[in-house]
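Please read these points with the model open beside you. They go through selected features one by one.

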Amino acid sequence: MRSLHSRLLAVSAPVVLLVGGFAVGKEWVSGIVWPEPAVVDPGPVGGPPSDARVLFDGKDLSQWQGGDKWLIENGYAIPQGGGITTKDGFGDCQLHLEWASPEEVKGSGQGRGNSGVYLMGRYEVQILDSYDNKTYFDGQCASLYKTKPPLVNACRKPGEWQTYDILFTAPRFDEQGTLLKPGYVTVLQNGVVVQNHSELLGKTDYESPPSYTKHGDREPIHIQFHGNPVKFRNIWIRELQEPQGVYPE
Ligand code: MG
């Protein structure tokens with residue numbers, strides 16, 4: 001027995017086609033003049049695309065404050081006692097990075113393979129070895145720290161390389177510092193959506209609830225050192241700008 005929905009479709013489909021057949025008329029156009037989208041070579045799988053800015057290519061961390069203190073070997077970087085922070089600031093962006101928590105499992109909960117990507121130096125996308133390692137859900141891998149757990153746990157095993165593809169829309173403030181629009185974060189971990197346009201509630205912190213304080217349009221990205229030797233490689237960023245359409249005079 002067919003469902004009501006499929007029977008309605010069966011009845012309406014020819015009508016739609018008929019209407020479609022007679023609907024050849026004047027094409028609707030928005031009238032907005034859009035700039036032509038730039039051509040981008042997506043590059044190899046994992047990037048970088050041709051318009052990306054490479055922040056770490058496996059050879060040097062010269063674009064990062066504190067990068068001189070990290071060990072670089074075999075195309076990856078490994079912390080030696082402190083975090084690293086980009087020398088330049090970034091706002092809305094697509095950020096790709098690859099990381100691996102230590103193969104040798106040590107510690108538990110927040111003490112295992114902990115690092116993090118701090119967008120604008122204050123909004124943390126958690127990095128943690130959450131493979132068979134329980135902790136509070138809004139602090140596990142791919143959480144927006146103490147703001148929102150990931151949709152799913154897409155962690156690979158300790159020691160295996162994992163990818164983060166982060167889409168970030170920065171918060172907007174007015175001159176007085178009032179929040180006009182919150183920040184939003186989308187994250188794919190190993191190709192799996194783990195944050196879907198999740199709203200940031202403010203600076204993420206261990207000791208206090210998230211809250212917003214006005215900051216610049218572009219702020220440095222920080223990679224956390226939390227005492228664990230989490231490795232990084234293939235870091236690149238694309239700054240994003242919405243196309244501005246205009247109506248002709
Ligand atoms: Mg962390």
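Is Cys 93 buried or exposed at 1% relative accessibility?

1. Cys 93 counts as buried, because its relative accessibility is 1%. Buried means under 20% relative accessible area, exposed means over 50%, and partly exposed lies in between (1.4 Å probe, protein chains only).

2. A note on the basis of the values. This is a predicted model, in which local features need pLDDT of at least 70 and side-chain atom pairs count only at pLDDT 80 or more, while totals for chains, interfaces and linings use all residues. Residues are numbered from 1 along each chain as its sequence is written, and side-chain values use heavy atoms, with hydrogens and water left out.

3. There are zero disulfides in the structure, a disulfide being a pair of cysteine sulfur atoms within 2.5 Å. For Cys 93, the nearest cysteine sulfur is that of Cys 141, 18 Å away. Cys 155 is in no disulfide either, and its nearest cysteine sulfur, that of Cys 141, is 3.7 Å away. Cys 155 is buried, with a relative accessible area of 12%.

4. The magnesium ion has protein donors at 2.2 to 2.3 Å: Asn 114 (OD1), Ser 115 (O), Glu 124 (OE), Gln 126 (OE1) and Gln 224 (OE1). Donors are N, O and S atoms within 2.8 Å of the metal (3.2 Å for Na, K and Ca); water is not among the atoms, so sites may look incomplete. Along the chain the donors follow the spacing N-S-x8-E-x1-Q-x97-Q. Glu 124, in strand S8 (residues 123-127), and Gln 224, in the loop between strand S14 (222-223) and strand S15 (231-239), are 100 residues apart and link distant parts of the chain. Both Glu 124 and Gln 224 are buried. Strands (E, at least two residues) are DSSP runs, numbered from the N terminus.

5. The largest nonpolar core has 38 residues, and Leu 95, Val 117 and Tyr 164 have the most contacts inside it. Such a core is a set of buried Ala, Val, Leu, Ile, Met, Phe, Trp, Tyr and Cys residues joined through side-chain atoms within 4.5 Å. The elements giving two or more residues to this core include strand S1 (53-56), strand S6 (93-100) and strand S7 (115-119). S6 gives the most, with four residues.
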